[in-house]
Amino acid sequence: MATAPWTIEKPTALLVLADGTVIEGKGIGATGHVQAEVVFNTALTGYEEILTDPSYLGQIVTFTFPHIGNVGTNEEDIEDLTPAARKGAVGVIFKADITDPSSYRAVKHLDQWLKARGVIGLCGVDTRALTAWIRENGAPNAVIAHDPSGTFDVEALKKDAKAWSGLLDLDLAIEATSGQSSRWNERPWVWNEGTSALGENDARYHIVAVDYGVKRNILRLFAGLDCRVTIVPAKTSAEDILALNPDGIFLSNGPGDPAATGEYSVPVIRKLIDSGLPLFGICLGHQMLALALGAQTEKMHQGHHGANHPVKDYTTGKVEIVSMNHGFAVASKSLPEGVEETHVSLFDGTNCGIRVVGKPVFSVQHHPEASPGPQDSHYLFRRFINLVRERKGEPALDERSAA
Ligand SMILES: NC(=O)CC[C@H](N)C(=O)O
């Protein structure tokens, strides 16, 4: 009798949760094992961007969309700044096995790509059941293990999963940041044209981006708004940042617990706020800004990871569909006087944005740069550039017009 397609005769990969649950699958990608937190992502597209988002360092991503890998991988869709250092998700879980790529942009099969990046994967898993489990129980700590011979010391893996202390109090931004400063001038990708460089003479503004694990498309959108960008490492002092003479400062996204970075990020950000320069933060940068302003962050039950989250902008009353990737959140109730909540998640009411009253300082929890993904939030880049323009006495851009 033929074997049922959902039966795995000899699992070559396992996901072992901290509570002892063992999920069997077929191994893909790199071999070995790694401790990490498991989160689910509900996006239908953009797996390469998701897997190379440095904010996923320390995490295993299970995709709710069943077919991942169909369009292969390419060199243009990576989000981490230094792909050689491979900062991003450490593990993946798919429902279906990866098929051969079918896209004119594909240069590598996803399985080969995962191997080259050192990402351990598991497929053939009932990802709907796993997602429902996470929704009920919260994002679990786990070990993902892949051995083509199917030999596992399950008890040792259970011990490892249980022993890992998790993302709470873990500073991963320091691992994701660049070791040295660099410049960025690549503009957004255009259909049939690819990317192009912003000419030195076309650069109207200079933005310094503090890199806690920055995504390339954030930098591209700045370049698309005539900004040359200087990227600086996470521990750069406020004095060194200001000495670069920026028109505005950006605090990037990044992995790990924002509170664990407080020792180095908060004193610098406080000085940057006091400088009077326009300041914009995304995701981890948003959480760090909130901490610097005296608010608190907290770990979420399951986090937000997807490309279909509704967020309301109180400033305009509009609802935008956004891309999300966070497991910590700013506690709205902890926002001090003088700090306004500007955006809120319509899924669960958590904070998605703040601004400092009377100062050109604001930040958002979601990812306005999402590529691919909804572009509803691109206006936030123009909102930031308008603060830069206002300071220079230039007229404001239409926030909602296309970049
Ligand atoms: N995308 C991000 O910057 C994530 C921020 C933070 N590591 C969190 O999980 O909440």
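This is a predicted model: local features need pLDDT of at least 70, side-chain atom pairs count only at pLDDT 80 or more; totals for chains, interfaces and linings use all residues.
**Ground rules.** Local features here need pLDDT of at least 70, and side-chain atom pairs count only at pLDDT 80 or more, while totals for chains, interfaces and linings use all residues. Residues are numbered from 1 along each chain as its sequence is written.

**UniProt check.** The unreviewed UniProt entry lists Ser55, Gly254, Gly256, Leu284, Gln287, Asn325, Gly327 and Phe328 under "binding site". They are spread over 274 residues of sequence, yet they cluster in space, with a largest C-alpha distance of 12.9 Å. I note that such annotations may be inferred rather than shown by experiment.

**Glycine 254.** I found glycine 254 in the loop between β11 (248-251) and α8 (262-274). Glycine 254 counts as buried because it has 33 C-beta neighbours inside 10 Å; the cut-off for buried is 20 or more other C-beta atoms within 10 Å, with 12 or fewer for exposed and partly exposed in between. Leaving out residues up to four places away in sequence, glycine 254 touches Pro54, Ser55, Ala173, Ala176, Tyr212, Gly213 and Leu284 (contact means C-beta atoms, placed from the backbone, within 7 Å).

**Glycine 256.** Glycine 256 lies in the loop between β11 and α8. I logged glycine 256 as buried, with 26 other C-beta atoms within 10 Å.

Terms used: Helices (H or I, at least four residues) and strands (E, at least two) are DSSP runs, numbered from the N terminus. Two residues are in contact if their C-beta atoms, placed from the backbone, lie within 7 Å.
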